[in-house]
Amino acid sequence: MIGGLFLYNHKGEVLISRVYRDDIGRNAVDAFRVSVIHARQQVRSPVTNIARTSFFHIRCSNLWLAAVTKQNVNAACVFEFLHKTVAILESYFGKVSEESVKNNFVLIYELLDEVLDFGYPQKTDVGILKTYITQQGVKTQTAADQAQITSQVTGQIGWRREGIKYRRNELFLDVLENINLLMSAQGQSLSCHVSGRVVMKSFLSGMPECKFGLNDKLVLEKQAKAATPEAASLEKKSGNKTSIAIDDCTFHQCVKLSKFETERSISFIPPDGEFELMRYRTTKDIALPFRVIPLVRETGRTRLEIKVVVKSNFKAQLLAQKIEVRIPTPPNTSGVHLLCLKGKAKYKAAENAIIWKMRRMAGLKESQISAEVELLPSGDNVQKQVTKAPISMNFEVPFACSGLKVRYLKVFEPKLNYSDHDTVKWVRYISRSGSYETRVQ
């Protein structure tokens with residue numbers, strides 16, 4: 001797949017040269033130096049084709065890392081490998097610079113021999129590489145250690161090593177969502193979607209298997225069909241509130257996809273420490289935490305009155321935090337007089353905006369801000385000037401706006417004889433604003 005890897009400094013001198021296939025010669029090194037590094041015009045494309053040879057390159061500080069091939073390869077796969085190679089080098093000796101490369105020649109060549117075999121990517125997991133390659137070179141291994149490494153390299157569980165032990169088995173799960181909204185001034189949702197992540201931090205002994213369940217609409221409908229007619233009708237009635245429709249999702253490599261496709265259950269052996277279990281996206285039945293109601297009134301040729309009301313639409317016992325409302329002002333604003341009963345507001349002339357901040361806000365409440373804007377005389381219509389940019393909002397609320405719920409999280413470890421009841425589990429929901437905007441008109 002990849003014929004060779006070359007690492008250049010900013011002058012075009014070759015620091016690392018590793019050829020994996022016979023069809024790549026020394027002239028390929030010079031061709032890239034002349035056509036890309038020493039080119040008179042800036043080369044914007046990361047892929048360069050010279051004499052039927054393709055060069056895929058990325059820049060890392062003042063260095064160039066180039067993969068060379070004469071075959072028709074998957075460009076995305078090559079770039080993924082190049083970025084992964086840089087991440088591996090950084091995990092071994094910190095920042096990748098010309099000096100650090102010169103000080104770690106032997107280590108880099110050892111790593112390149114492990115991550116690529118005849119041009120095909122092999123082992124790129126830092127955790128596996130660090131078990132038997134250290135900064136000083138290859139670590140002396142016992143027979144048991146070598147057997148363990150062999151099982152990790154060739155087996156199905158490369159993301160977790162055996163023999164992990166903790167005095168207390170704990171599992172932390174965070175449902176993190178970003179809500180994106182564009183709403184008209186009349187309160188109509190023009191576009192809305194939620195992109196979420198399920199982040200897990202595991203401190204579990206041994207090789208446990210975890211099962212994770214969501215209120216996925218497909219799962220609950222399937223369970224309702226298998227249940228009695230009374231239970232099925234009850235599930236159907238409450239389906240809009242208790243289930244969500246996930247449009248698309250991606251999983252960590254530890255998830256057994258076959259079980260998810262057949263049973264819609266997420267079963268996996270978790271990596272040790274923190275990792276991202278899944279990403280998802282949903283566009284239906286999204287609970288909007290805030291409603292912004294703008295009112296702009298022209299009180300004179302050089303005077304404008306702006307009133308913005310913010311209403312919270314979640315439960316009264318919940319608290320939103322880090323609230324910031326950004327209200328645009330006309331570019332010919334000369335002064336602003338503000339009046340807000342809650343929080344702090346300030347006019348920033350450099351940004352042509354009023355910034356209104358509140359530390360926290362309870363559910364089912366409303367707050368408002370009024371502003372008298374004085375304008376410099378201008379021939380343009382005042383109302384048109386202020387309505388070009390929408391009002392944007394930043395916030396953080398302690399629930400999932402998509403309605404996603406963790407139905408269950410189970411842990412099994414038969415070898416070490418601890419069960420689901422012996423594991424301490426924590427679940428947290430956080431939703432943050434992405435692009436949360438309301439048009440003024």
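D113 and R18 join their side chains in a salt bridge, 2.9 Å from N to O. A salt bridge here is a side-chain nitrogen of Lys or Arg within 4 Å of a carboxyl oxygen of Asp or Glu. D113 belongs to helix α4 (residues 105-115) and R18 to strand β2 (residues 14-19), so the pair ties together parts that are 95 residues apart in sequence. Helices (H or I, at least four residues) and strands (E, at least two) are DSSP runs, numbered from the N terminus.

The model is predicted: local features need pLDDT of at least 70, side-chain atom pairs count only at pLDDT 80 or more, and totals for chains, interfaces and linings use all residues. Residues are numbered from 1 along each chain as its sequence is written, and side-chain values use heavy atoms, with hydrogens and water left out.

D113 counts as partly exposed because its relative accessibility is 41%. R18 is also partly exposed, at 25%. The cut-offs are these: buried is under 20% relative accessible area, exposed is over 50%, and partly exposed is in between (1.4 Å probe, protein chains only).

The whole structure holds 15 salt bridges. Another one brings together the side chains of R197 and E276, at 3.2 Å from N to O. This pair also links distant parts of the chain: R197 is in strand β11 (residues 189-203), E276 is in strand β15 (residues 273-282), and they are 79 residues apart. R197 has a relative accessible area of 30%, so R197 is partly exposed. E276 is partly exposed too, at 25%.

E276 has a further partner. Its salt bridge with R279 puts the closest N and O atoms 2.7 Å apart. Shared partners join R197, E276 and R279 into one network. R279 is partly exposed, with a relative accessible area of 44%.

R160 makes a contrast. R160 is buried yet has no salt bridge. The nearest side chain of opposite charge, D272, is 4.4 Å away. For charge, Lys and Arg count as positive and Asp and Glu as negative; His and the chain ends are not counted. R160 sits in the loop between α6 (143-154) and β10 (170-183). Its side chain reaches the backbone oxygen of L204 at 2.6 Å. The R160 side chain also reaches the backbone oxygen of P270, at 2.8 Å.

How values were computed
A polar contact is a pair of N or O atoms within 3.5 Å; within protein, one must be able to donate a hydrogen and the other to accept it, and residues adjacent in sequence count only if both atoms are side-chain atoms.
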